[in-house]
Amino acid sequence: MARSFQVSRRRFLGGSAAALGGLSTGLLGDVLQAQPKAPPRAMALAALKPSGALDEAYWWKVRGQFNVVDGLTFMNNGTYGPTPRVVLEALGKYERELAEDPTDNYRNDGRDEVRRKMAAFVGATADEIALTRSTSEGMNIFIRGLDWKAGDEVVYCTHEHGGGIQPLQQIEARYGVKLVKIEVPSPPESVEQIVKIYERAMTAKTRLIMVSHMTYVTGLLTPIKELAALAHSKGALISVDGAHPLGMLDLNLAATGIDHYAAAGQKWLLAGTGTGVCYVKRDVQDKIWPLMGYADLKTTNDPKAASYGARRYELGGQRNVPSFMAMAEAMEFHDAIGRNNVEARVRQLSTKLRAGLKGIPGVKMWTSEDPQFAAGLTLFSVHTIPMENVVKGIYDFNHVWIRTMATGNLNGVRAATHVYNTPDEVDRLLEAVTHVAKNASRYMSTTQAAR
Ligand SMILES: Cc1ncc(COP(=O)(O)O)c(C=O)c1O
């Protein structure tokens, strides 16, 4: 079977992928050869605005804005996404500006501009947005910012991420809060089934539902609007871990009724390291103590503090200004394509992937095929082959990079499909999975898979 590496059409569209610096040649040694050293410049975002049908030629133009090395099919931006050139250049520009003129080192006005952009991007108001360094920071801000007492209860499911669980464990140890863990089937049958599972776990003492908008395990898209209505009907709040949907789905947080949403910039938004956002609904802000801020009415007695809105949840000291500022360019990149177009493309690619996987004997799908329960993440197993061997087998066969998923004990591997991926790359993954499934005995043991 052909296993030659693809030559990117980017070469015909204004330059090849190139960002070699810092990559491990151990992993990608054979992919990296013969790639030019200087990355091509970013295309003006206006040139990315669709002017007609969003055909494959258009998506090649989008793909051409990434420096992912030729020959590597990268399908794990669920962990960390490659930054498009416009973001990479913006990061460099802001670093340079600070080096040349350090008089405005906090860039408060600039960050407020990013805050306003973020508010429009997620469907909120600017005073509900705190700019953070990660999803985990946002989860800590809300969960640890509440006043807790012994006996209070929190409901969450077995597929939550450590970023949301760790603050729960702290309030359990510190205040005697009871953590109630529930299980949601993979895949679920209906919205009603999911809501019922949460409802059954709630008591008069439940103060919070903590839930991922999209679980990092199976990629389950949860009905947060219905869960918000459930929480509020019982006098509880709802905190949402939104690490994945920011930059994947066209969000409108206000329309969901949730109290809190913490998201990552480095995953689907493609904004790079140390970026994130924490939404705290305006009318619950008086319940959430700032963990680190200086703009805190309760501790400073500053009469202006209420007007700081969610700014009060941000660290008051020096931050990584370039990372925060370049979130603007990441959002502009998405907006140039169109948030609805991004979501549609992500769904198109993942639907193609799931349809293909379904047809491969030996593949078990953990992600729902129903679009209301799934979007850009797909979790599957291949026979009972250990997940590490599946990942390695796929990479060795076709240089497609996906990841293992230990949480939930499903022995699954997870693929993410974003706008820089192509239908051809989905085919490459399917081809590699077919090969691993057909040669299962060879991949059953680690030693054999290493051959
Ligand atoms: C669902 C979920 N929540 C939280 C996190 C933690 O993200 P961050 O590194 O932005 O804190 C992740 C990271 O993979 C995740 O998948």
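This is a predicted model: local features need pLDDT of at least 70, side-chain atom pairs count only at pLDDT 80 or more; totals for chains, interfaces and linings use all residues.
I'll begin with the chain as a whole. The protein chain has 451 residues, and buried residues make up 47% of them. Its secondary structure comes to 16 helices and 13 strands. Take the contacts between residues at least 6 apart in sequence: 72% of those join residues at least 24 apart.

Now the seven-stranded sheet. It is open, its pairing is mixed, and its strand order is E2-E8-E7-E6-E5-E3-E4. At the edges stand strand E2, residues 129–132, and strand E4, residues 178–182; each has a single partner strand, so one side of each is left without a neighbour in the sheet. From one strand to the next, the twist averages 15 degrees.

Inside that sheet, look at E5, residues 206–212, and E6, residues 237–241. These two run parallel and are joined by five bridges.

H8, residues 224–233, touches E5 and E6, and its direction makes about 155 degrees with that of E6.

H7 and H8 also pack on each other. The angle is about 30 degrees and the axes are 10 Å apart. The crossing is right-handed. From H7, the residues involved are Val-191, Val-195, Tyr-198 and Glu-199; from H8, they are Glu-226, Leu-227 and Leu-230. How do the residues of this contact divide by class? Five are nonpolar, none is polar and two are charged.

Ser-186 and Pro-187 are joined by a cis peptide bond, with omega about -10 degrees. Pro-187 sits in the loop between E4 and H7.

Next, the four-stranded sheet. This one is also open, but the pairing is antiparallel, in the order E9-E10-E13-E12. Its edge strands are E9, 363–365, and E12, 403–405, each pairing on one side only. The twist averages 40 degrees from one strand to the next.

Going across it pair by pair: E9 and E10, residues 377–382, pair over three antiparallel bridges, and Lys-364 stands opposite Ser-381 in E10. E10 and E13 are antiparallel as well, joined by four bridges; there, Leu-377 has Ala-416 as its bridge partner in E13. Three bridges join E12 to E13, again antiparallel, and Met-405 stands opposite Gly-412.

How covered is E13? Five of its five residues are buried. Gly-412, Arg-414 and Ala-416 point one way, while Val-413 and Ala-415 point the other way. As a general point, side chains in a regular strand alternate between the two faces of the sheet.

H13, residues 387–398, lies across E10, E12 and E13, which spans 412–416, and runs at about 165 degrees to E12. H14, residues 423–438, touches E9, E10 and E13, and its direction makes about 20 degrees with that of E10.

E12 and E13 form a hairpin with six residues between them, and Gly-408 in the turn has a positive phi of about 90 degrees. In the loop between E12 and E13 we also find Asn-409 and Asn-411. Neither is a glycine, yet phi is positive: near 55 degrees for Asn-409 and about 50 degrees for Asn-411. Are these two buried or exposed? Asn-409 has 9 C-beta neighbours inside 10 Å, so it counts as exposed. Asn-411 has 19 inside 10 Å, and therefore counts as partly exposed.

Last, the ligand. Which residues surround it? They are Thr-79, Ser-134, Thr-135, Ser-136, His-161, Gly-163, Ser-212, Tyr-216, Asp-241, Ala-243, Ala-264 and Gly-276. By class, this shell has three nonpolar, eight polar and one charged residues.

Terms used
Residues are numbered from 1 along each chain as its sequence is written. A residue is near a molecule or strand if its C-beta atom, placed from the backbone, lies within 6 Å of it. Ala, Val, Leu, Ile, Met, Phe, Trp, Tyr, Cys and Pro count as nonpolar, Asp, Glu, Lys and Arg as charged, and the others, Gly among them, as polar. Two strands pair if DSSP finds at least two bridges between them. Axes are lines fitted to C-alpha atoms, for helices over the stretch in contact, and angles run from 0 to 180 degrees between N-to-C directions. Two residues are in contact if their C-beta atoms, placed from the backbone, lie within 7 Å. A residue is buried if 20 or more other C-beta atoms lie within 10 Å of its own, exposed if 12 or fewer, and partly exposed in between; C-beta atoms are placed from the backbone. A crossing is left-handed if the near helix is turned anticlockwise from the far one by less than a right angle, and right-handed if clockwise.
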